Every structure is written in structure tokens, then in C-alpha cells.
Amino acid sequence: MTGMPADTEQEAQRLSAVLKPEVESHGLILEEVSLRPSGKQMIIQIIVDKADGRESVNLDALGEVTTTISNALDKDVVYASASPYELEVSSPGLSRPLTAPRHWVRALNRMVKLTLTDGTKLRGRINEVSDDEVVIAEHREPAKKGMKTKILDPVSYSFENIRKAVVDPELNIDDELFDTIDTEDWEG
């Protein structure tokens, strides 16, 4: 077949099935496959992640899995003879929603923004994560500029009661939190 697949959603599902064992052979998880037309070519975006939520995919592993995925696409019945395509392989970025417990584990001790199923929105720091819930200490912004942020007692939230959550990047880290950062593994 030459050209581009007509139904990108269906093709993304097919590619997921084809590429899943290839990605898993590197000890990674195939998080997402999406396709989008760009001019005369197709852009194939693939997100891979580590099964263990504690670490991110390093660049060496990303390079190796990209080569494996590219080789698999070169042998695939659709892409071996298809119009040019662009392959983008990456790990989940900071702005990706927290949708699985392993995402929450990776974000432990970070600030997050949440929307609960009842519509309540809050911002807080992740204190603990289990298989079915997360403990968050809500941070309420002060009523007046110059006042300190009010930190509430930690509360457990069931994952099923969280509609949406993303990491809220911090530019200023509290001295107490900075003291908990392990610098032993830093290179340099």
C-alpha cells in the first residue's frame, strides 16, 4: 500500500499492537501512539515510559528503542512502501496528565493541580501514593500579596475521584524540600 492510512485512529491502534512487543523488549511500556498528517507525510508520535514509576526513560534507552521502532516500521506492510513519514519517540513530558499510579509515584513530593470529579479544583503537594489513592497536602494561595501560602493537613483522594491532574512545576523550592534531594547520584 502506498500513501497514508485513511483512518489515523484505527491505524494508531494497529501500530500499538505491532510495536508493543518491540517496546517491551527494552523493558519499557508503550504509553501512546498517535498519527497526524503534516503536508504529504505522516507524523508518527510514540510515547514510551518505564514500567516502574520511579525513574524516567534516559536518552540512551530512548535512542535504542527508537532504532527498534524504526526497524519495525521499515518491515511493516504499511510503512515499508508508504510515503515518507516522520517518527517522533519520546517519554512523557512534564505536562502530561497523571493517569496511572506509576505517574503519581514519579511525581511524589511535587506540586500538582487537580480537578476532582465533583468539579473541585485544588493545588497541593503529593505526600504518598498507593495503588488506589494519593495523599495530598493542599496549598491555598493567600488572600493578600505578601502573606504565606496556607498548607492544609494531607487528605487522601481516590484515583477514581480525580478527573484530571498534572504536575505544577515549581520555580522556588522550599529549603526543607531541598534538603531531601539526594545529590549523591549527581554527575559532574
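Student: How many aromatic pairs does the count come to in this predicted model?
Tutor: Rings of Phe, Tyr and Trp pair if their centres lie within 6.5 Å. By this rule, the count in the predicted model comes to two.

Student: Is the pair of Tyr79 and Tyr85 stacked, tilted or edge-to-face?
Tutor: The ring centres of Tyr79 and Tyr85 are 5.4 Å apart, and their planes stand at 75°. Planes over 60 degrees apart are counted in the last of those classes, so the pair formed by Tyr79 and Tyr85 is edge-to-face.

Student: And which class does the pair of Trp104 and Phe159 fall into?
Tutor: The centres of these two rings, Trp104 and Phe159, lie 5.6 Å apart with the planes at 40°.

Student: How many residues apart are Trp104 and Phe159?
Tutor: Trp104 belongs to helix H3 (residues 101–106), whereas Phe159 sits in the loop between strand S8 (155–158) and S9. The pair thus links distant parts of the chain, and the separation is 55 residues.

Student: Is Tyr85 buried, partly exposed or exposed?
Tutor: Buried requires under 20% relative accessible area, and exposed requires over 50%. Because the value for Tyr85 is 21%, Tyr85 is partly exposed.

Student: At which residue does helix H1 bend?
Tutor: The bend in H1 is about 35°, and a proline, Pro21, follows the bend within four residues. The residue at which H1 bends is Val18.

Conventions
Residues are numbered from 1 along each chain as its sequence is written. This is a predicted model: local features need pLDDT of at least 70, side-chain atom pairs count only at pLDDT 80 or more; totals for chains, interfaces and linings use all residues. Side-chain values use heavy atoms; hydrogens and water are left out. The bend at a residue is the angle between axes fitted to the seven residues ending there and the seven starting there. Helices (H or I, at least four residues) and strands (E, at least two) are DSSP runs, numbered from the N terminus. Rings of Phe, Tyr and Trp (its six-membered ring) pair if their centres lie within 6.5 Å; planes under 30 degrees apart count as stacked, over 60 as edge-to-face and the rest as tilted. Buried means under 20% relative accessible area, exposed over 50%, partly exposed in between (1.4 Å probe, protein chains only).
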